[in-house]
Amino acid sequence: MNTAPAEEPRWLTDEEQRTWRAYVHASTLLEDHLDRQLQRDAGMPHVYYHLLVVLSEAPRRRLRMTELAMRAKITRSRLSHAVARLEKNGWVRREDCPDDKRGQFAVLTDQGYDVLAQSAPGHVQAVRQAIFDRLSSAQQETLGEIMQIVAEGLQPKEAGADLPWLR
């Protein structure tokens, strides 16, 4: 049994607390704003839109399900549920992987591509109004750099890392 005294937590300073709470507040409002816009204009949540975008950028508009989960930064279970809904809408279809009997591809259908093309302008407008129109070029660059640092710190490269797409 370890009898060493517990180390005191490194509490956030007042300034760090202010920054943290501003981030949580803004990110929650932003995700809700984008979700509502896409539900209203395209009948889908933001996470489904993102899956369609990722598939649209893939060669032949198809990815293995594990790769799609990794790129979308979601659990395999959540991806499976989302793809089932997208299949029901006719926007995505699954194909068996010829090299791996357990593997599957998610494929963006022509109908899914059309829905994406129709919903993209409204989504881009919502993103622009919520973020980029409010920031100077320098602030945009700084925000991008900060988000890159945070993302890199949360995606360890070593084996056994606890990442959503590995769950």
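This is a predicted model: local features need pLDDT of at least 70, side-chain atom pairs count only at pLDDT 80 or more; totals for chains, interfaces and linings use all residues.

**Helix 1 against helix 5**

Let's begin with helix 1, which spans residues 14–42. Its axis comes within 10 Å of the axis of helix 5, and the two cross at roughly 155°. Angles over 145 degrees count as roughly antiparallel, so that is the label helix 1 gets relative to helix 5. The crossing of this pair is right-handed.

Who does the touching? On the helix 1 side you'll find Leu30, His33, Leu34, Gln37, Leu38 and Ala42. Facing them from helix 5 are Ser119, Gly122, His123, Ala126, Val127 and Ala130. Sorted by class, the contact of helix 1 with helix 5 has seven nonpolar and five polar residues, with no charged ones.

**Serine 119, up close**

Is serine 119 buried or exposed? With a relative accessible area of 6%, it counts as buried, because the cut-off for that label is under 20%. The side chain of serine 119 reaches the backbone oxygen of valine 115 at 2.9 Å. If you set aside neighbours within four places in sequence, serine 119 is in contact with Ala42, Met44 and Tyr49.

**Helix 2 against helix 3**

The handedness of the crossing is right-handed. The contact is built from His50, Leu51, Val54 and Leu55 of helix 2, together with Leu68, Arg71 and Ala72 of helix 3. By class, the residues in the contact of helix 2 with helix 3 come to five nonpolar, one polar and one charged.

**Threonine 109, in a loop**

Threonine 109 sits in the loop between strand 3 (100–108) and helix 5 (110–130). Its relative accessibility is 12%, so threonine 109 counts as buried. What does its side chain reach? There are backbone atoms of glycine 90 and glycine 112 to look at.

| Side chain | Backbone atom reached | Distance |
|---|---|---|
| Threonine 109 | Oxygen of glycine 90 | 2.6 Å |
| Threonine 109 | Nitrogen of glycine 112 | 3.0 Å |
| Serine 119 | Oxygen of valine 115 | 2.9 Å |

Not counting residues up to four places away in sequence, threonine 109 touches Arg61, Gly90, Trp91, Val92 and Arg93. Gly90 is one of these contacts, and its backbone oxygen is what the threonine side chain reaches.

**Two loop residues with positive phi**

Arginine 60 has a positive phi of about 60°, although it is not a glycine. You'll find arginine 60 in the loop between helix 2 and strand 1 (62–64). At 67% relative accessibility, arginine 60 counts as exposed.

Lysine 73 also has a positive phi of about 60° without being a glycine. Its place is in the loop between helix 3 and helix 4 (76–88). How accessible is lysine 73? Its relative accessibility is 40%, so lysine 73 counts as partly exposed.

Technical notes: Residues are numbered from 1 along each chain as its sequence is written. Side-chain values use heavy atoms; hydrogens and water are left out. Helices (H or I, at least four residues) and strands (E, at least two) are DSSP runs, numbered from the N terminus. Buried means under 20% relative accessible area, exposed over 50%, partly exposed in between (1.4 Å probe, protein chains only). A polar contact is a pair of N or O atoms within 3.5 Å; within protein, one must be able to donate a hydrogen and the other to accept it, and residues adjacent in sequence count only if both atoms are side-chain atoms. Contact means heavy atoms within 4.5 Å. A crossing is left-handed if the near helix is turned anticlockwise from the far one by less than a right angle, and right-handed if clockwise. Ala, Val, Leu, Ile, Met, Phe, Trp, Tyr, Cys and Pro count as nonpolar, Asp, Glu, Lys and Arg as charged, and the others, Gly among them, as polar. Axes are lines fitted to C-alpha atoms, for helices over the stretch in contact, and angles run from 0 to 180 degrees between N-to-C directions. Angles under 35 degrees count as roughly parallel, over 145 as roughly antiparallel, 65 to 115 as roughly perpendicular and the rest as oblique.
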